[in-house]
Amino acid sequence: TDLQERCYNVFISKEPTVSKLQNDVVVQLSSIGLDPKEEVLMGSGYRIDALVEVSGKKVGIEVDGPSHFIGRSKSPLARTILKRRQVPS
């Protein structure tokens, strides 16, 4: 395997961490009749927190709690900015 493939494999092998906020959002999605799939692996190697289907369209949901921001600011961390750029909306 080449370096790019090895890096990709390491990137996707990282176990996702699920926050209480993310769990709360998934519970609420379920309570309104949706069937959220959690931690869905995208082709880019990133995972989205939840994926639901609404009126035949798939909708990805990212739950960006406090750990995605610098201190108590509204400024996202670099890794959050990068993910937002690389995961299609």
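Is Asp 35 buried or exposed? Asp 35 counts as exposed, because its relative accessibility is 54% and the cut-off for exposed is over 50%. This briefing describes a predicted model.

- Strand β2, made of residues 47–54, runs antiparallel to β3 and is joined to it by five bridges.
- Lys 58 in β3 has Glu 53 standing opposite.

**Salt bridge between Lys 37 and Asp 35**

- One of the salt bridges brings together the side chains of Lys 37 and Asp 35, with a distance of 2.6 Å from N to O.
- Lys 37 counts as partly exposed, since its relative accessibility is 44%, whereas Asp 35 counts as exposed.

- Glu 62 and Lys 83 form a salt bridge in which the closest N and O atoms are 3.2 Å apart.
- This pair links distant parts of the chain, as Glu 62 is in the loop between β3 and α3 and Lys 83 is in helix α3, 21 residues apart.
- Glu 62 is partly exposed, with 31% relative accessible area.
- Lys 83 has a relative accessible area of 17%; buried means under 20%, so Lys 83 is buried.
- Another salt bridge joins Arg 84 to Asp 64, and here the closest N and O atoms are 2.9 Å apart.
- Because Arg 84 lies in helix α3 and Asp 64 in the loop between β3 and α3, the pair ties together parts that are 20 residues apart in sequence.
- Arg 84 counts as partly exposed at 45% relative accessibility, and Asp 64 is partly exposed with a relative accessible area of 25%.

**Arg 79**

- With a relative accessibility of 56%, Arg 79 counts as exposed.
- A polar atom of the Arg 79 side chain lies 3.2 Å from the backbone oxygen of Ser 67.
- Arg 79 and His 68 are 11 residues apart along the chain, and their C-alpha atoms are separated by 8.1 Å.

Technical notes
Residues are numbered from 1 along each chain as its sequence is written. This is a predicted model: local features need pLDDT of at least 70, side-chain atom pairs count only at pLDDT 80 or more; totals for chains, interfaces and linings use all residues. Side-chain values use heavy atoms; hydrogens and water are left out. Two strands pair if DSSP finds at least two bridges between them. Helices (H or I, at least four residues) and strands (E, at least two) are DSSP runs, numbered from the N terminus. Buried means under 20% relative accessible area, exposed over 50%, partly exposed in between (1.4 Å probe, protein chains only). A polar contact is a pair of N or O atoms within 3.5 Å; within protein, one must be able to donate a hydrogen and the other to accept it, and residues adjacent in sequence count only if both atoms are side-chain atoms. A salt bridge is a side-chain nitrogen of Lys or Arg within 4 Å of a carboxyl oxygen of Asp or Glu.
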